[in-house]
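Hi,

Here is the structure I promised to pass on. Have a look at it first, and then read my notes on its aromatic rings below.

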Amino acid sequence: MDLKSEIKKRRTFAIISHPDAGKTTLTEKLLLFGGAIQTAGAVRSNKIRKTTTSDFMEIEKQRGISVSTSVMAFDYNNIRVNILDTPGHKDFAEDTYRTLSAVDSVILVVDCVKGVEEQTRKLMEVCRMRNTPVMIFINKMDREGIHPYDLLDELESELKIAVCPYTWPIGNGKQFKGVYNLFKEEVQIYSPEKTSVSESLISTKDIKDPKLRDYVGIENINRLWEEIDFVGSMFESFNMPLYREGYLAPLFFGSALNNFGVLELLETFLEIAPCPGVIQGSERLVEPDEEQLTGFVFKIHANLDPNHRDRIAFMRICSGRFERNKFYFHTRLEKKIRFSSPTSFMANNKSIVDEAFPGDVVGLYDSGNFKIGDTLSEGELIHFKGVPSFSPEILREVVNRDPLKTKQLDKGVRQMTDEGVAQLFMQQPGNRKIIGTVGELQYEVIKFRLEHEYGAKCTFSPLPFIKACWVTTDDKKELDKFIARKSGAIAYDKENNPVFFAESEWMLKLARENFPAITFHETSDFKIKALEK
Ligand code: G4P
């Protein structure tokens, strides 16, 4: 098949949600409906139920050995579907944000009882930054939830996106009777007893269908028509360009647990979701059907199996054809490397691939060559705009507890921060290592992994800072003055960019006022902007 046809048949997306809204259940049901797995329970949940380290470690250990859950690919109706897994826990939100830089669209799951939640908002912000097309699945319709009108209002106002109902529910909770598909003009009846995957729906276009009247009741039918009239007048109708540009989100109602609304979601997704498109590089736009390969690493997974110390770098292919054993150009290290066993992930199996295409994700075994954001090409010096690192809000100093293992500690800290687990800053005098994160849990993860993978022991000592901001200026003298004045609160990131640690928002404001020639950055995208100049 030629490159253009391969691109056309691919859909690469992520399912995102606030924890507990039903992301894992929906993912599993999509795999079941897609024929990729045969039994429920085959997808390992990656969520941390109680936020304890032991739970997390157990899960990470399992995931480390079976990394296939990072990408779940399957073929459905001749379309290659690539689902990229995202962690649910908020302390790992950055990992999710980075994964979003590698997808062409997303399905956002919202719990009909809880409505828009904290992570829903944050994830949508990242989607908006990139104009990612979004479909929304309102889940748990078998529970008494917020009235759909109110829910739609909440989605529009809180997520700042126009919504367009694709289906409309008939009742909810115990009275949930099914959905009406506004596009196919068809009612699908919900039955709570139905658990089989094959076909859980009774569908009818005929409003006089006795089965429909018996099951739904005449009152419900009359209410449905009233509501549909209202919906038609109040909300946008589906518009492909607006969806593709990320302004309009088609909306579905269902119950993932009861297999209801999932097939419809999958089939509509395949119809409307975009195939791999143009990607904005820092130097130029990259078209997927360019002959030459380009791709970037958006995730690095440590292999926690002590027998296999290497890591897997996940690369999203942006253009061209990726081939096994061919030499590619690593643009940061400016060296050529090739891969003898690139891995693809089909549902729960991984296997070595000979070639892969735009939209695909390949796992590259790595002994330390890759950092998040690294690019491969066929010689061109190109970089892709990922999702920037966010300014860390918790900062702690690494205290070495075993001086004989200093080298191992250094190596471990460097490698883990390359993986994007946390950010590393160095402070002088004394080469102090400071680790910045957005969540508490990372410190436990780092400590555990240092001990188990690198044989090093450390503790973390709290620092009185609440934020780290990168500082830049065109006025070098002013920067030198600032650094001299604030020396106790200055450190350097891994690329030697100066960073200012603020003790409070007030101190940050004061520093901004006193040094107007200096810019304080709360995300790392100034580095990309510098490349664009
Ligand atoms: P997450 O990945 O977004 O964190 O959510 P997950 O799928 O794990 O679902 C969270 C809980 O919500 C699970 O229950 C799951 O069974 C339930 N759930 C998912 N979809 C539906 C639905 O359509 N209706 C109802 N009523 N519940 C749903 P749990 O008790 O936390 O876990 P489990 O013991 O059932 O696995």
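**Aromatic rings**

Five residues, Tyr166, Phe183, Phe238, Tyr243 and Phe252, are joined into a cluster by ring pairs. Keep in mind that this is a predicted model. Counting ring pairs with centres within 6.5 Å, you get 22 aromatic pairs.

Take Phe183 and Phe238 from that cluster. Their ring centres are 6.4 Å apart and their planes meet at 90°, so this pair is edge-to-face, since anything over 60 degrees counts that way. The two residues also come from distant parts of the chain, 55 residues apart. Phe183 is in the loop between β8 (178-181) and β9 (186-189), while Phe238 is in the loop between α8 (218-234) and α9 (240-244). Phe183 has 38% relative accessibility, so it counts as partly exposed.

Now try Phe482 and Phe515, which also make an edge-to-face pair, with 4.8 Å from centre to centre and 75° between the planes. This pair links distant parts of the chain as well: Phe482 belongs to helix α13 (residues 476-485), and Phe515 to the loop between α14 (505-514) and β31 (519-521), 33 residues apart.

Are these two buried or exposed? Phe482 is buried, because its relative accessible area is 0%. Phe515 is buried too, with a relative accessible area of 3%; the cut-off for buried is under 20%.

One last thing to look up involves a charge and a ring: Arg396 lies over the face of Tyr443, at 4.5 Å from the ring centre.

Cheers

How values were computed:
Residues are numbered from 1 along each chain as its sequence is written. This is a predicted model: local features need pLDDT of at least 70, side-chain atom pairs count only at pLDDT 80 or more; totals for chains, interfaces and linings use all residues. Side-chain values use heavy atoms; hydrogens and water are left out. Rings of Phe, Tyr and Trp (its six-membered ring) pair if their centres lie within 6.5 Å; planes under 30 degrees apart count as stacked, over 60 as edge-to-face and the rest as tilted. Helices (H or I, at least four residues) and strands (E, at least two) are DSSP runs, numbered from the N terminus. Buried means under 20% relative accessible area, exposed over 50%, partly exposed in between (1.4 Å probe, protein chains only). A charge sits over a ring if NZ of Lys or CZ of Arg is within 6 Å of the ring centre and within 35 degrees of the ring normal.
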